[in-house]
Amino acid sequence: MDVSQYLEIFIDETKEHLQTLSDQFMVIEQEPENMDSINEIFRAAHSLKGMAGTMGFKRMQRLTHDMENVFQEIRSGNMTVQPELVDVLFRGLDALEAYLAEILETANEGTEENEEIINTLNSIAEKATGKSGGAKAEPKPEEAAKAAESPASSGGAKYQEIKITEYEQGTFEKAKKENQNIYGITVYLEESCILKAARAFLVFKALEEIGEVIKSVPSVQDIEDEKFELDFSLVYFTEESMETVKAAIESVSEIKEAIVGPFEAEAPKEEKTEEKPAETQEKAQPKQPEKAAAAVQTAPKKEKAPAQKAPAQKSKPTVGRTVRVDIEKLDVLMNLVSELIIAKNGLVSMNSMDESRTDSAGFNEQIEYLESVTTSLHESVMKVRMVPIESVVNRFPRMIRDLNKKLGKKMELHMSGEETELDRTVIDEIGDPLQHLLRNSADHGLEPNEERVRLGKDEIGHIYLNAYQDGNNVNIEVRDDGAGIDIEKVKNKAIEKGTITPEQAETMSDKEVIDLLFKPSFSTAEKITDVSGRGVGLDVVKTKIEGLGGNIECKTELGEGSCFTIHLPLTLAIIQALMVELGSEKYAIPLGSIQAIEDVAFEDVKHVQTKEVINLRGSVIPLIRLDQILEVDPGDFHPESLTVVIVQKGDKQAGLVVDNLIGQQEIVIKSIGDYIHCSKLISGATILGDGEVALILEVNTLV
Amino acid sequence: MEDINEITNVAVAGEGKQFIVVRLGSEQYGIDIKYVDNIVRQQRITRIPSAQPYFKGVTNLRGEIIPVMSLRLKFNLEPDEYTNATRIIIIKPESQSAIGIIVDEVKEVVILDGDSIEKPTASDSNDVQIQYLSGIGKHGDGLITLLNITSVINEKENV
């Protein structure tokens, strides 16, 4: 019954349940009478409790247990949902999330008891129902008191009653020769312990990592079958000290107490057994066993010690990243792989056929078949990697609710397009930037309620989060109907900070001014709040999004609100690109950023402020000589006209001058690693059909 | 990084260690075999614009993009002359991605025990900066400069 293998499932399911709880808490806050939600919460809390218990996360279990209790009362009509209850529930939820985060990191729930939340929960329940629901929350003082008695009196040390057979006598001799300590251990479980056998198993497991269990009463078989009361005793050989052993046992949750003492097998041998006092052990801690009351307190802290010694030593028990995949998608993949094998076999058989009959038509047919299979395979694998954006955005309603209270502003979040799918790697990274933008909108964007009323706006501020797919891109909009960005204010601030000169400010377009917001350490918030405005802001958002191969734009209307739009590539790994030639080198330009390809005669190139530009259908486009920027050896290439690839970044356009066009190609993006620093001109590399490496140009840096 | 150095030191003190001996110009250098993933012939390298001068570019090694560094340029020697003996040694450090280094020739694999390795002193660093060395090995009549490969491939931006 090793539970660690279930850790990943546990984490996945816990996440789901926590999300359900969060969603439903939001519902009952609005509609306290909603019975469906209450039932839903009850079920989720119940499953959570059960799972946490099985996994040995005792604190988590206790908290969910109390939540469940409260909802039991609500369900049976003994109490109603109060706003303060919802607040506590949300805090409880945060605490559970904290546990989960800790488990993710260390495979251990940590030591936070969250006593206060539990007590508040229970006191609310008590007040409402008049019953003493709080009894469960206070087992600790009792426990401590009990623990204080037993080791001092040593009355609980049942291990002394263990009888040793003749056969076992032999192992004792051997252990002594090997200088091992022989201990007797009696473990008491908590009365509330549900899975006694599982607990006992965990104790055995913990012990066997640092020593050897020789005998147990009741027998191991009986313990496994749960044929024991709340205690069991062991005879144990180890090289560790008593304290270490005790700590190891107490690291298992729901253990009330562990009594460890030297075990005297037979009277004549006792001297030898006690020859090695625990203090000589380097790991011995200055804790006296008499301080039993303290022992219960320190036990959780010590949890870390055995965890580090035993399993953590091998590898950090962090949880791998997983994607849940629809079984149908996997079936499709499987089918495609079979087809791939068939295609391969087709080629093999063609090869082995009589040589005279090997006609190129059949060969080409096979190649085409292979091509269609690989294309579908690629598509399916990509689909497997796609995750709906819902998994990121569903935490935002909760966040806005909290901000509502914190900022004292009434606001609502409207979300749409949660089902839009994005690559898993993007999903993982996009959460923080979005959160940042939403907070910005809530804090700076929306005016205070009174102000809104005065301006004749709806009192409640509205924030919109829309996601939608647009060609090969996914766009995510964060929009608010607040004050908008004051261009003049930004300008003044920029001048004040010395980012721009007053003269520059005169000539800057609104768009350029807004771009200033994305510069490092530029915050226009007049007061720095807890929520946002520490000056690390939009620049971080921008960097992150650009790191994902996307970009961000901002549109704003003073008094009407602002809208931040994030454009993200649908997938990161494979893109369509235009291959171009510069001298003897080949480069790839992502097709997504290409607008047009033009042949420009030399005489059409004009000079504006010593820069080369072309006039293309009324718009002036600066030219970028790629061969100069990329320091390409020009060779003896004398074209009659310039081949210009018009690329676009946001509203900006530029013409990239290339020597030759090779064609459009689907390329697999690969990273060139961190060793080479190349000023962001290159976003990656790809391997061409002939094995040569071509570099992918980063249009965003070029333009 | 410290860990790696520590491990190296411990190993040096103990049993013999295997080194791949390579030639750069007239000098012999030793590379700890545990970092060596592969040795390949000189192949096509794609230049990376505006990269550090000692990076020749990237190459394709069975579908992986591997950056390739010129040890000669790194050590301020003459630029590489590609001959039939030129090889790229693919280094795979424990926690980093692979990287290739160009050498003039791969000679042999030697086993050096702790006694025949001397710690580098400042005077040994005629051509190669001291930070790149982990010791001097004596093998037969010749001396082998043992490279501290992790510091060769990881460098701060101060050249």
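Two strands pair if DSSP finds at least two bridges between them, and strands themselves are DSSP runs of E with at least two residues, as helices are runs of H or I with at least four, both numbered from the N terminus. With that in mind, select Tyr587(A), whose bridge partner in β22(A) is Leu695(A).

This is a predicted model, in which local features need pLDDT of at least 70 and side-chain atom pairs count only at pLDDT 80 or more, while totals for chains, interfaces and linings use all residues. Residues are numbered from 1 along each chain as its sequence is written, with chains lettered from A and ligands numbered from 1 in the order in which they are written.

**The sheet in chain A**

**Where chain A touches chain B**

Next, display both chains and select their contact, which takes 20 residues from chain A and 18 residues from chain B; residues are in contact if their C-beta atoms, placed from the backbone, lie within 7 Å. On the side of chain A that touches chain B, β21 and β22 of chain A each supply at least two residues. That side of chain A divides by class into twelve nonpolar, four polar and four charged residues, where Ala, Val, Leu, Ile, Met, Phe, Trp, Tyr, Cys and Pro count as nonpolar, Asp, Glu, Lys and Arg as charged, and the others, Gly among them, as polar.

**Chain B and its hairpin**

Chain B has three helices and eleven strands, and its elements run α-β-β-β-β-β-α-β-β-β-β-β-β-α from the N terminus on. Of its 159 residues, 36% count as buried, a term that asks for 20 or more other C-beta atoms within 10 Å of the residue's own, with 12 or fewer making it exposed and values in between partly exposed, C-beta atoms being placed from the backbone.

Select strand β4 (residues 55-61) of chain B, which is mostly covered, six of its seven residues being buried. Six bridges join β4(B) to strand β5 (residues 64-70) of chain B, and the two run antiparallel. Leu61(B) has Glu64(B) in β5(B) as its bridge partner. Two residues lie between the strands of this hairpin, in which Arg62(B) takes a positive phi near 45 degrees.

**Helix pairs in chain A**

Return to chain A, which has 26 helices and 22 strands and in which buried residues make up 32% of the 703 residues. Select helix α2 (residues 35-55) and helix α3 (residues 58-75) of chain A, which pack at an angle of about 155 degrees with their axes 8 Å apart; axes are lines fitted to C-alpha atoms, for helices over the stretch in contact, and angles run from 0 to 180 degrees between N-to-C directions. α2(A) and α3(A) are therefore roughly antiparallel to each other, a label for angles over 145 degrees, where those under 35 count as roughly parallel, 65 to 115 as roughly perpendicular and the rest as oblique. Among the residues that make the contact are Phe42(A) and Leu48(A) of α2(A) and Met60(A) and Phe71(A) of α3(A). By class, the residues of this contact of α2(A) with α3(A) divide into ten nonpolar, seven polar and three charged.

Now move to helix α10 (residues 242-250) of chain A, where nine of its nine residues are buried, including Glu243(A), Lys246(A) and Glu250(A). Helix α8 (residues 196-210) of chain A and α10(A) pack at an angle of about 150 degrees, with their axes 8 Å apart. Here Val203(A), Ala206(A), Leu207(A) and Ile210(A) in α8(A) meet Thr244(A), Ala248(A) and Ile249(A) in α10(A), a contact with six nonpolar, one polar and no charged residues.

**A last stop**

Finally, select Thr425(A), which is found in helix α19 (residues 424-445) of chain A. Thr425(A) and Leu548(A) are 123 residues apart in sequence and 8.6 Å apart in space, C-alpha to C-alpha.

How values were computed:
Contact = placed C-beta atoms within 7 Å.
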